Amino acid sequence: MNIIIGNQKGGVGKTTHGILLSNYLVLEKKKELLILDMDFQGSIKTKYDQDCEIYDNVPLYEVLQLELDSFSSIFEQLKHTDGYVIIDLPGKIDDNNLVLVFEQADLVICPFSYDKLTFESTIVFAQVVRHINKDVPLFFLPNRLKATVNYSIRQQVNEALSGFGTIAPEIPDHIALQRIDCFTISEKAKAAVRNAYEFIYSSFQEKNSSNNQV
Amino acid sequence: MKKKQINIKSLTSELKNHITHKEKSTKVRTAIPEEKKKNTDSECSMKPTDNSRSSTQFKELGNRSEPAEKLIDIVNKVNAMDHYKIDRFIYVDADIHEVFTKLKSQTKLKISHLASYLLEEFIHQHKEAIIEIANKRNNKFLDT
């Protein structure tokens, strides 16, 4: 099961949700998983290594850093695993190696925020994913919403993105989502992400089971 | 024929092997020009290699001073303490963190165990005073 976390825009929360979703799947859903950090910045791998040095806890999963061009030599192995593989992508779309990654995806999660620049990048990312893989479930994750801000383009953005995938429940801006590690998920962070993650998880499970019946 | 499903642990080790293999082949390719350069430079062969340096470090580690031996004993004692339920954070000074990170990398010290152990000692030492302060009421209805 390959779960991709990507967006052409940087700084939308790919790394944060890569870690939080992985922790959530292991701790709440008791899943076995592996993270492939394919972002050239290697943020998840760096965070994971730092956390392993600091904390004594047994790691929940392993993180491997891979370059995008290595994917062609490993995707066959990924096809035959019974666990979850979370793939953190770089914030770019102009790499031919991404074609195979999108083709092999079982689920794509695209964090974004309601601002014009992010929307423009997100819609391009969505178009590319849909063009390469028309069947993959694509979830847009509205991230870091401030309670005091009125997002004037929210409705237009949701309407435009709905043509490519499903909009997940919004994730509020919360300090607990900045204080994360690769071993735990705090109660406050869990409360902030639970609705969105449960929505994606149950929608995906539902779709998956109906596909299997067909 | 349907290929057998592999679990995450097997997949991880397969991918690790793949990465190691790729790194090795990259290193071999980049090492060739350096090897040629070494052969032409006679001075280089007289200098100690990385391997000889690491063997010296290993000897130094094996020949510890008495205070270092005592510290290792404490580390082993603290690491063996399994009655702590470690699931809460504490924040410490950045320089203290640096010292313990170094110590952890050298001695495999479980920092959270040591912190719990030191705080437990503190609690034992001041147990009566802590109970007195904890039970001190400042409530006009309860104190009368």
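## Salt bridges in a predicted two-chain model

A:Lys190 pairs with A:Glu187 in a salt bridge, with the closest N and O atoms 3.2 Å apart. The model is predicted. Both residues sit in helix α7 (residues 187-213) of chain A. They are 3 residues apart, about one turn of the helix. A:Lys190 is buried, at a relative accessible area of 10%. A:Glu187 is exposed, at 58%.

Chain B has a salt bridge between B:Glu98 and B:Lys102, with 3.3 Å between the closest N and O atoms. These two residues are separated by about one helical turn, because they lie 4 residues apart in helix α5 (residues 94-107) of chain B. B:Glu98 is partly exposed, with a relative accessible area of 40%. B:Lys102 is exposed, with 51%. Elsewhere, salt bridges with shared partners join A:Glu28, A:Glu187, A:Lys190 and A:Arg194 into one network.

Another pair links the chains. The side chains of A:Glu62 and B:Lys16 form a salt bridge at 2.7 Å, N to O. A:Glu62 belongs to strand β3 (residues 62-65) of chain A, and B:Lys16 to helix α1 (residues 8-40) of chain B. A:Glu62 is partly exposed, with a relative accessible area of 31%. B:Lys16 is also partly exposed, at 35%.

| Salt bridge | Closest N to O distance |
|---|---|
| A:Lys190 and A:Glu187 | 3.2 Å |
| B:Glu98 and B:Lys102 | 3.3 Å |

Over all chains, the count comes to 14 salt bridges.

Definitions and conventions. Residues numbered from 1 in each chain as written. Chains lettered and ligands numbered in written order. Predicted model: local features only at pLDDT ≥ 70, side-chain atom pairs only at ≥ 80, totals over all residues. Heavy atoms only, no water. Salt bridge = Lys/Arg side-chain N within 4 Å of Asp/Glu carboxyl O. Buried < 20%, exposed > 50% of the residue type's maximum accessible area, 1.4 Å probe, protein only.
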